[in-house]
Each structure stands twice: as C-alpha cells, then as structure tokens.
Amino acid sequence: MSPIGDLHLDVWRHRLSGVAEEMGETLRRTGFSPNIKERLDYSCAVFDPEGEMVAQAAHIPAHLGAMPASVQTVLPLFDDWRDGDLVIVNDPFKGGNHLPDITMVSPVCTGPADRPDFFVASRAHHADVGGMSPGSMPLSTEIHQEGIIIPPVRLYRQGHLNRDLQALVLRNVRTPEERRGDINAQVAAHRVGTRRLVALCDRHGLEEVRRSAGLLMDRSEATVRAAIRSWPDGRWTFEDFLEWNGADNERGETELIKLRVALEVRDDNLHLDFSGTAPTFAGSLNAVIAITMSASYYAVLCLLEEGTAVNSGCFRPFRFTAPPGTVVNALSPSAVAGGNVETSQRIVDLVLGAFAQAMPDRLPAASQGTMNNLTVGGTLTDGTPWSYYETMAGGMGGGPDRPGLDAVHVHMTNTRNTPVEAIELTWPVQVETCAVRHGSGGAGRFAGGHGIVRAYRLLRECTATMLSERRAQPPWGLGGGHPGATGRNELQRADGQTVHLPGKFSVRCRPGDVLRIATPGGGGWGMEPSEPKS
Amino acid sequence: MGQDHHISPVTGPETDAPVLIGVDVGGTFTDFVFQTGTGLEVLKHPTSVPDPGVTVRAGVDAWMAQHPARRQAEQAPRIRHGTTIATNAVLQRKGARTALITTVGFRDLLVLGRQNRPSLYALSQSRPALLIPDELRFEVRERVTAAGEVQTPLDLEDVDRVIDRIKAMDIEAVCVVFLFSFLYPEHERTVGRRLAERLPDTPVSLSVDVLPEYREFERTITTATNAWLQPGVGRYLSRLARGLPHRSFDVMQSNGGTTGLRGASRLPVHLLVSGPAGGVVGALDTARIAMATATPHIMTLDMGGTSTDVALCQGGTPITTESDIGGLPIRVPLIDIHTVGAGGGSLARVDSAGTLRVGPGSAGAEPGPACYGRGGHQATVTDANLVLGRLLPDWPLGGADGVSLKPELAEKAVARLGAALGGRGTVETALAIVDIANAAMERALRVVSVETGHNPAEFTLLPFGGAGALHACDLAQGLDMRHILVPETPGVLSAQGLLLAETTRIASRSVLMTDQEARHAPAVVAQAVRELTGEARRLLEEDGQTDFAVAVSADVRYRGQSHELQVPCPTPVTPDTIEQTLENFHLAHEKRFGFTDRQNGVEIVNLRVMATCPPPPSPVQAPAAPAETSSPEPTGTTLAWFSPEAATSIPWYARTSLAPGHRVIGPALILQPDCTTLVGPEWQALVDSWLNLQMTPLSMP
C-alpha cells in the first residue's frame, strides 16, 4: 500500500501541471521570435515558497533541473516580495545557465497579505543578448564577451515596470524590438500562471493546494526511488571527451577535454561524482553546475516509466560531487555559452555510458552528441544587422531493441529547424541541399541513425560562427556496434578552393561561398549478425 | 449484437420534395439522418469493415425500399456524406504507391521534417512509416529564388528521365513540389502537363494547387498526403456514388463546408476531419436556434471511447491551418478540433508509487470496458460510471454496439483496483476514477481556451456523442461554465450537421508583403484577390454551383513573428480597406494575446478567398407542443453514488417522455438509446421548445 493515501491526488497533477502548461501556451502564442514560437525553446514552472518545483511544462530537457536552481538562488536575495514583483536574471553564476536563456521569477500571493504562497518561473532562449557575435553563442574566452549579464533584479515592482532597467537591457542587445516582444510574452505567461493559481486557492483553499503539491512531490520521489531500487547496486565509471580547437580556427588542432563520472547506485539513492573532470579553460564549453544537474536528471528520467510527473521530488534521490572550477562546475568569469548546448550533451553521454555498464541490455549507443550550433550574420545593403541561428539534427544511437532514428535532435534539445523558404525569404542565404547523410550511422545489430548534410550559399559578406562537437571523437557504439561517423565542417570558397574547418570556427565569408555542414551519425548497438564473434 | 436503433419515428405525411440524407460513417456506427419535407428520421447501423460503403448503401437502400417513389430521378435524394476514409488511411498508413518529384537537393525533406523527435524522454523510439519511401523520391534540376525569379531553368530532359523511371515502377499517384512554387508556379505546371501526357491515368498533385504557401516541409507533406490519398478515396467515392440513386452527392470537408464528388476525389486532403466537422456544424446550428442568436459562443464536447474532441466556437466554426493528423502536419484550413486522450475507455491503474492513475492507455472499442463483457478486465471510466449508478445496464452508450452493460463485471474490475490501492472501497475508487478523468479533460479544455485567449466560463458547453452529456455537469462546474446545452439527439449530431453544411471553396496564396508595400501598391493586393476569387469560382462551378458569396481574409503577423492571425480583409480592395485589414489585425492580436505593437511593422503573409453557397435550411423541427406541467413523471428511480458514504435514490427519465417546459431537478438521469445525460446534484435541466436540454446550476438566480 502506498503511504500516499490520497485517491484523488492525480487530479492535482492535472491541475498544477495545467497551470504550467497554460503559462507555456501563453508564452508560445505571444512570443515574437522563431526561437520561442517555432523552436519551442522555453519552459514554465510552478514553485512552492521554499523554491521546490511543484510542476513544470518543459519542451527542452536542458531546462529540467535548472529552473529549481534559478529559483533557489533568487529567493534568498529578496526578503520583501510584494504582489506584482517580477525578477529577471540570466547570470549563469546566479541562477542562470547561459546568457541567452532569460529566466523570470515572480511571487504569487493568494491572500490579502503580500506573502508569497507560490512562485511561478519561466525561461526562454532569446535569439540575441549582445556580446561579441550575433546570436550570442560566441567562441569566447570569458563570460564578459558573451553578452549582457543580468543579475537577479526586479523588472517589475508591485506591478510597475522598471523602464530604466528595460531600456538598459534593450540597448545592449542587437534586436531590441524582438527582445521586448519576447520579454513581454514571458510577463504575459506569468500573469496567466498567477491568475490560475489564485483561482485554484480561492476554490480549494490554500492549505489543500499546498498539501497536494507536497504529496505530488512525494509521489514522484517514490517513483524515482522505486526505479533506482530495481537497478543493480554498484559503482561504475565512464569517461568521454569534449573537443576544443581554440578561437583561432586556422590552427585547427583539437585538444581533448576529459569528462569523468563515477556512478554509484546504493539501494534507492544515486551518487554522481564528477571528480577527475578537467579544470575550466579559456573557451566557451564550460558548464555551470545547474547544467550538469539537468543533464544528469534527463539521463535518469529516460530510464523511468512514462508519465512520471517532473517536480523537485524526482531530484531528491540524487547526490552530486562536482569539484568547483572544473568544466562541469564552472565559476565566474569562465566562458559558458556552449556549456548549455554542447557540454550538456556530453554529460548525458557520460551518465548514460556509466549506466550502460550497469545495465548493458537497457541502454542505447551514443547519439550525435552535439547540437551543431551555427550563427551567420552581417549587415544588409541598408546597414541593418542580421543574424541567423540554427541547430542541426543528426543520428540517434542504435538501441537494444531497434535502430536509431535518422536526422533528429537528440537528448538535451528538440527544437525544430527553420524552413528553407523561411531562411531564404528572411536572410541573404540560399540553401543548396538539405539531405540525409547516408552511411554516417554506425553499423551494428541495430544501426545508429544517419546525420544530415546542409549546404548554405552565402549571398553577402558575413561571418559564420560554429559551435559543434564530435568532429574528432565519434559517437561511440555499444556492445560491439560501430561508432557513428564524425561530423564535418567545410567552406567551399567562391574561387573553388575548399577549406576544411574544425568543430569550432568563426570565419569571414564572401558572396558565393558555400558552407557545408555534415552532422554526426549515431553509434551502432550490438554486433552485426554477419560479423564473427570475437 | 448489431441490431439497428431507430431513434425517432417518421413524422408527418409523405411529400414529394427531394429527401436530404446525411450519412456519417464513424468507427463503430454509421449514422443516417433523413430529412423529408415533413420530418426527420434517424437511424444507426454498425459500420461494416473493411468497406464502410457497404453500410452506407445498405442503410440508404433500406430506407428507399420503404419509399419506392424516391427511386425516380427527379425524386432521388440529395446525399451528404461524412467519411473517415481519408483519416483511416492516414492513421493506418494505407495509401497509394506515390512518387515525389522535387527540386534537386531536397528529396529527403520528408525524412528530415522539422528535425524534432516524437518523444522527448525515450531512449529508443520509432517514427511512423514515411508516406513516400526513398526509391520513389526523385529530383529534377530547377531552382527559383525567394524573389520568385528563375535561377536554374527546369531541365526537361531530367523531367523525362524521371517520368521514364516512374512509368517503369508501377506507381499509382505522383506529386510535384518545387521550392518557391507559390511565387513561380510555371515549373510545377510544366511537369504537371508532361505527366498528364505521358501518364494520363495517374492522378497528379501539384503543390501550387494543393497548398500554395511557404514552408516547404509542410507544403510537401500536405501535397504528398493528397496524392497518396487520391486513388483510394477516388475509388471509394465513385463506387459509392454509382451504387446509390442520387440527385446530388456531396462530401463533408474538414473546413465545415461540403464539396462535390469531383472536388473530393481531386483534393482528398480536405477530408481528414470530415466526420467531426459535421458535429461542430450541427452543434452550432442547435445552439443558434436554442440560444436565439446567430453567433453563439459554445465549447463542443464529443466524448467517445478512446478520446474526446473539443472545439471552441465564437459564433462560427473555428478554422485553423495548423493541425497534426496521425503525425502529419497538414496545413489546409480545417475546423479547429482538439483531441484529448481521455474517453470512456480510458484505463485506470496503480502506478509504481502506489497511487491511482487514469489513462493515457485505453481499452478502445475492443475489448472495451470490463462491463462490455468482451474480455476487458481493467477498470475504465465507463466501468466507474456504471458502478456509481450513472449509467443503467439496459441503456448503454452508443459505442456499446447495442449490448447491455454488465454491472457485476464493472464492480469486479473496480473492486480489484481498490484492493490494489490499499483496500479502498469500490465506490470511493470509482468516484476517484471519474474525478481524475474529469480533471484530465478540464486541463485540456483550459489549455484550448488559453490558446485562443478565452476564458471557458464565457462559453456554453455543448456535449454530444455517447458520453459527453454524462460528464458535462462535472466539467462545467470545474470550468465555471453556467450553461450546458444537450441536443435532442446527441448521438447523431454529426450526421445532422451534414445536412446544414455550406458548400465552400477556398483559394489561397502566399503574398509576403509588408504593410508599407501593401499601402503603396493596393493594386497588387486587388489583383491577387481577383485571381483567387476566379479560382474559387472555377472550383464551385466544377461542382455545378453558381450562387455564392465571397469572403476575403489575410494571414497577418508582426514583423519578426513566425505565426500569423487570419483576419477579414474587406473588399473591393482600396487603400482604405488595406488600412482596415491592418487595423483588424491589431485588434485581433489584442484580443488573442492581450497586446498590440503598433510601432512594429506588419506583414501580410497569405491571402485567402472563401466562396460559400447558401446552406440548406435547418432540419430542426418546429417547436414541439409544450407540456401541461413543469414537473415530469419519472420513468423510474435508481441508486447513484455522489459521495462514498451513501447512495442516493435518484429519478430517471426516458428522453422521449420529456416535453417542452419540463424541468428536471438534479441529481437525475435522462436516458435515450445512445446517450445518457447526468443532471448533476447542483444542476437542473429545462426542456426547451426544440426538445434540447438546457442545464444551469440550481444556485443561479
């Protein structure tokens, strides 16, 4: 029998998840940028006054555990919350994860007093927050190059917009109108969340809502603990590598940066120890601890039964050891732009790789392990700046029961691509091909999925910046399966010369140049039937 | 099993006005509505598998056998058909062997899609099969730029080479999708002509005819789906029409209007929500009459076995161009119907933390709920309702195929679940199952409302289908809705809606102009509207329609946004009407999203012309004679549970025993062969002049 005796508890899952969903729907519907509307790069959540996450609507796994970290960082900084306050933050070292992700936190006061009974929070990826390159995903060496840093500050005080603060933020980004629209959309989402929570408390009483929220977290904790208990006890270590070729891409030498984890399963607890991971370095692949936690939570969630309500209860069985000043627990002023997109993918590979040793029959081979972040920007004839940001699909790893999918986003992201016709109508870029990269999936009993090839003809002078991984170290196979193909970045100059580019590059392009990106395939799973067993 | 239900008798004497027949084919039942000059007859037959056309012919034949005079040509019926043929083909991925011809470099678009994976947290996952496999996707050299200029002329040798290969491959349909064809259609048209010459018997779909709008993946999927459906739908419809005497034969489209046989066979992608669209049209008609307004605000609730369909109507049929049908992003305009994965067959279970969950799994139509006695053992929402006395064993739901329900099997299934939850009682477990199912639906209804910027409390709830009226009071209470309208025959509302649907044709095109460009060149807009109107007229005339009205709308957005709002565009186009269109957009944006951004530039993305023929008159009968007293005599009483402590003895009424003016105070049940209405403890139901039930909270002044 369950210690949670409330037969009607699942009613509350629907009610509280519904609040987060309505916030998310409002944000999507009112957002301006394709990042929010088309790529769905945002999350919304409901928190209790202690900063425990009660319910979340997340389209992006990268936001999973990072939202609680934001709220828990922000709450102690303010001791006089008032109804109508709204705090904005993107500082990765004070509750954010990388600068383009802007998080908002606001109190919900259901009674007459200005006492927060709940908090609601939202996070959205903004297409540009300034810094050294358009799109704010630069090959930086310290955070100050990456864009405007917003520490936790009040954008609204008792319902009044702080126009000075708004003006300061908007002056520091390349596309202020779009930013204003997206920030307003987040504010609109908070209004909807607040209204719904107040209505729920009016109808059912604050005590009942709080009690049910607590039970929902207890239930998710019980679900996660039951799963962990069913796994074998033990300790397994795994290593994987990030690639860095420096901001100077002409050199092209790739340095491997080691990530290491020791996974310990004891009864119904998990311990992830990242000791042995390389120290932070002068490059943009460092990750703050919130990202490391998110990626680890994601990996474990994939092993749970479907329908587990994601809330802070899920995270209680976890313990983390991550030495400060390492790539997985970066400190200010480390550069962190790529930590959220690339290092997070490697941390998933790392944690799943450790689990694969514990449960070889349940885990898939490595997927493409990168988001292939491309930013292209310049100025139009009339001097208006433009910038185009895209992440690209690749192969999914083969698994124990079926092959990996071709041409999809894997693990920490699931954003959609921009239609070719939308790209060409908006930017001085022509897409020459967009195709499956046949032969790139690793062979095996269940083959890895194939990556893709995208070729862009650049019609005006511009700068192309790429942040991609698995260009030197292929996605690994499992149980005798072959690795997937590494990705390839190339620039075909208008004069016919082809330049091979490394995983990270920032390059001036001339009209007529063609940038060709081939993304990695997934690793294969198990020995191919024809292969002799060794 | 399998007997037919005659739901209402023939009324009035025979006349010789042509009969109008609405036939709605559903998964389990095919519903028929016969409208003669004097009355409405309703019939239900189990749908035959695999060819639902057999049932349609049998039903019409049976009726005709009773009315032999109707066989003569001038007396032959006008038939209107709602069909699931296209939907089922998509869901089961059973379409024609189709080839795709596309711009060089882009034959993999169907594989790449929008690059998102179906499930966020599954480590291994699958995608539904592709409509067109690798070996049937061909490229030809041609390229048009974003400015609509030819960069690479169409390579005719390439085209012929591809057609040679297609000829050798035993292909049933072909589609052609080139980049930017909506700006420069000539390349697609040339290939279309070449295909017509060399493969005269193979249907061809050009993207410029199916969906001339930007976003190449969605356009490709929509065009490919159309081609892939064409042979099967064409065969089905022509066989059906040949076997039935008729004066006219129209098919319901997803946008709530009907089309002729030729239109339906040429553009079957417009038939994907044919059946549900009939329900929404029928619901709106019921509401217009019952609420005495041309523009009722209603939320429809069609609750079936595995899922529930919901549409939010603000006075008219809500239209969307963003839909996902069986995993395909179909972009033609269709009635905005949201499907919630909760229904009477949703399964209740205990999760790994030992708590109660309902859904998302479903017992479906087979084996169905435990109480159907067809081998289902897990408790479902229907079983819980039966345990609670909210369903009576001899008055089953429409989906139950005429069998009586077995309460002992429901009790057993729910009791077993109660035991697994730590010895909880059968009744309290059943109450919790219904509560959780309602919460899941309430959550979905709220999200649907928020999407369109509305508060559900401002709407009337209009339940139909088998189980909607059973859950309506609970849902309305949760959503603060204060009015529920249950139609006279909720089980056949979709078929009734078919009789009322307008005949419409839509022509659209991407124009992609800024507000400045539109202001400076109203003639360009006017020209596009003229051409689109001609196109819509041509489509209507093909089906023999000449009397129609035209409405023009534009898809507009703020610069930088990636989704558009559809707003009316007054005609004839002048600088003033362009200003009005832009103003319409600002107002619509304010209404939907709560703000406007007048400093920002505005873009007109698509223009759309809808040509509509006047609808047939409503089949709803003249007001019925009022009852002599306001309190009807109960047909019987039964025990029902609204709390775990004690059962309440509540009255039940046969729906046919109720007359206008009757007032039923809840809790009570109102029963008809294919639908049970629960008048909740805090609610009352008033029978109106048209025999609808109008339910309101008792506490309302």
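Which residue in S15(B) is the bridge partner of Met303(B)? In this predicted model, the partner is Thr308(B).

**View 1. Strands S14 and S15 of chain B form a hairpin.** S14(B) covers residues 297-303. S15(B) covers residues 308-314. The hairpin leaves 4 residues between the two strands. They run antiparallel and are joined by 7 bridges. One of the pairings sets Met303(B) against Thr308(B) of S15(B).

**View 2. S15(B) also pairs with strand S20 of chain B.** S20(B) spans residues 338-340. The pairing is antiparallel and runs over 3 bridges. Val310(B) stands opposite His338(B) of S20(B). Burial is the other point to check here. Of the 7 residues in S15(B), 6 are buried, so the strand is largely enclosed by the rest of the structure. Buried here means that 20 or more other C-beta atoms lie within 10 Å of the residue's own.

**View 3. An open sheet of 4 strands in chain B has the order S29-S30-S32-S33.** Its pairing is mixed. Strands of a sheet pair through backbone hydrogen bonds, in either a parallel or an antiparallel sense. The edges are S29(B), residues 636-641, and S33(B), residues 675-679. Each edge strand pairs on one side only. Neighbouring strands are turned by 30° against each other on average, with direction ignored.

View 4. Ala668(B) stands opposite Val679(B) in S33(B).

**View 5. Domain 2 of chain B touches domain 3 of chain B.** The domain assignment of chain B gives domain 1 (5-90 + 240-271), domain 2 (94-235), domain 3 (502-612) and domain 4 (636-697). The centres of domains 2 and 3 of chain B, taken over C-alpha atoms, are 27 Å apart. Each of these domains gives 4 residues to the contact. On the domain 2 side, 3 residues are nonpolar, 1 is charged and none is polar.

**View 6. Chain A meets chain B through 62 residues of chain A and 59 residues of chain B.** On the chain A side, the elements that give two or more residues include helix H1 (9-30), helix H5 (176-204), helix H6 (206-230) and strand S14 (429-437) of chain A. H1(A) gives the most, with 12 residues. By class, the chain A side has 28 nonpolar, 15 polar and 19 charged residues.

Notes:
Residues numbered from 1 in each chain as written. Chains lettered and ligands numbered in written order. Predicted model: local features only at pLDDT ≥ 70, side-chain atom pairs only at ≥ 80, totals over all residues. Buried ≥ 20, exposed ≤ 12 C-beta atoms within 10 Å, placed from the backbone. Pairing = 2+ DSSP bridges. Domains from an automatic or database assignment. Contact = placed C-beta atoms within 7 Å. Nonpolar A, V, L, I, M, F, W, Y, C, P; charged D, E, K, R; others polar. Axes fitted to C-alpha atoms, helices over the stretch in contact; angles between N-to-C directions.
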